[in-house]
Amino acid sequence: MVIFPSRGGAALDEFVQMLDRFKHACCVPSNRELVKLAPQVIAKHKGLRLCHLSAPALSDVLSRKRHRPPRWEWVATYVLTCLFVHERSGAELNFDGPRSLQGWYELYQEKFGDARVPGGRTPAPLDGAVPASPAEPPGRPADDPVPPLLPSDIRRWQDLHDAALEDWMHRLRSQQSMAHRRYFELLGQHGVDLLMAAEGAARDREAACRLGILLLCHDRPHEGMAWLRSAAGDGDEPARILVNAAPSRRREMAAELAYEFTLPGYAQEHPAGDGRPTASEVYYQAAAVAGHMGATVRLGLILEARGEIAEARCAFARAAARCHPDGLFHWERLNDQITQDHQ
């Protein structure tokens, strides 16, 4: 595995993070969608000199594999394409940074000024065409390649002392995109696997559908609907049903689907015994968050099997409070067991 350490300074780190957050705030389901829609945006804004987007460049910029700021023409195309997707979604733009091309232009100038334009020239104002940057000196690549880790640098983590281990983990985290981190925090490794499948070359429509369902359950309707529209456009039937459903019923329907998505041969205990949630648990957790009492009971059984008795008891209590018969049964059973253990 090649690790790409963070390069280019705090200003570039912050700017790239804002670009990634802006993409998700605009309900853009994937980098592939930006690449697909960019030509329409370029044709729409003929007064600006924009540039085509490519999946490799998007991945490199947003994952910080490049150590210099992207050209303003690239940023302008990215921002306008995100706004184009947002306008079609009809959702409210909930973003704490620039919300217009002018705002992004001012932020770009504030952070980088003429850093990307040799000779001290800055990008043209937005009321005129954006000029192309002069060519780089002959023989010099647009972005210096990041050297891969040498085999001698790759060691078992058990062999590293504390400082070296901390540095290794920092470098490992730096290679992940902000989207990967967000999905990992919310949905664990299964969420990251779904994201990679949905964004990959195969454009897995089922993965996109499942992401949308999980996000709806976690009350992220704008982001969830973006994934579902993408999956529905590729022919996924459950996604099409949710897209066409009444907005007031979508979360409830998503919870039922998440409950049914548990894997065949489901076992309560995690097979590796390392405390990480199984894929089944991810779906039960999402459905439980959305108020599905059957999933809440199943989640309680998982927690009990893992020895997390207090959390299991809370899950059973929530289901019992909603008059779910299994929830009441397991709550009473667990209370009796706790009482016997303390006698």
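Is Trp74 buried or exposed? Trp74 is buried, with a relative accessible area of 7%; buried means under 20% relative accessible area, exposed over 50%, and partly exposed in between, with a 1.4 Å probe and protein chains only.

The model is predicted, so local features need pLDDT of at least 70 and side-chain atom pairs count only at pLDDT 80 or more, while totals for chains, interfaces and linings use all residues. Residues are numbered from 1 along each chain as its sequence is written, and side-chain values use heavy atoms, with hydrogens and water left out.

**View 1. The whole protein chain.** The protein chain has 15 helices and zero strands. Helices (H or I, at least four residues) and strands (E, at least two) are DSSP runs, numbered from the N terminus. Of the 343 residues in the protein chain, 45% are buried. The accessible surface comes to about 17700 Å², and 53% of it belongs to carbon and sulfur atoms; such areas come from the Shrake-Rupley method with a 1.4 Å probe, and for residues only the protein chains shown count as cover. Among contacts with a separation of 6 or more, 62% are between residues 24 or more positions apart. Contact means heavy atoms within 4.5 Å.

View 2. Side chains of opposite charge can pair when their charged atoms come close. A salt bridge is a side-chain nitrogen of Lys or Arg within 4 Å of a carboxyl oxygen of Asp or Glu, and the structure holds 16 salt bridges. In one of them, the side chains of Arg64 and Asp13 meet at 2.7 Å, N to O. Arg64 lies in the loop between helix H3 (55–62) and helix H4 (72–89), and Asp13 lies in helix H1 (residues 10–25), so the pair ties together parts that are 51 residues apart in sequence. Arg64 is buried, at a relative accessible area of 8%.

**View 3. The salt bridge between Glu223 and Arg182.** The closest N and O atoms of Glu223 and Arg182 are 2.8 Å apart. Because Glu223 is in helix H9 (residues 221–233) and Arg182 is in helix H7 (residues 178–199), this pair ties together parts that are 41 residues apart in sequence. Glu223 counts as buried at 11% relative accessibility, whereas Arg182 counts as partly exposed at 22%.

**View 4. The salt bridge between Glu304 and Arg333.** These two side chains meet at 2.7 Å, N to O. Glu304 belongs to helix H13 (residues 293–305) and Arg333 to helix H15 (residues 325–341), so the pair ties together parts that are 29 residues apart in sequence. Glu304 is buried at 16% relative accessibility, and Arg333 is partly exposed at 26%.

View 5. A pair of aromatic rings is described by the distance of the centres and the angle of the planes. Rings of Phe, Tyr and Trp (its six-membered ring) pair if their centres lie within 6.5 Å; planes under 30 degrees apart count as stacked, over 60 as edge-to-face and the rest as tilted. By this rule the count is 11 aromatic pairs. Trp72 and Tyr108 form a tilted pair, 5.4 Å centre to centre with 55° between the planes. Trp72 lies in helix H4 and Tyr108 in helix H5 (residues 101–112), so the pair ties together parts that are 36 residues apart in sequence. Trp72 is buried at 2% relative accessible area, and Tyr108 is buried at 1%. Both belong to one aromatic cluster, which also includes Phe15, Phe22, Phe95, Trp104, Tyr105 and Phe112.

View 6. Trp74 and Tyr78 form a stacked aromatic pair, 5.4 Å centre to centre and 20° between the planes. The two residues are four residues apart in helix H4, so about one helical turn separates them. Tyr78 counts as buried at 0% relative accessibility.

**View 7. Helices H2 and H4.** The axes of helix H2 (residues 31–44) and H4 come within 9 Å and cross at roughly 100°. Axes are lines fitted to C-alpha atoms, for helices over the stretch in contact, and angles run from 0 to 180 degrees between N-to-C directions. H2 is therefore roughly perpendicular to H4; angles under 35 degrees count as roughly parallel, over 145 as roughly antiparallel, 65 to 115 as roughly perpendicular and the rest as oblique. Residues making the contact include Leu34, Leu37 and Val41 of H2 and Tyr78, Thr81 and Val85 of H4.
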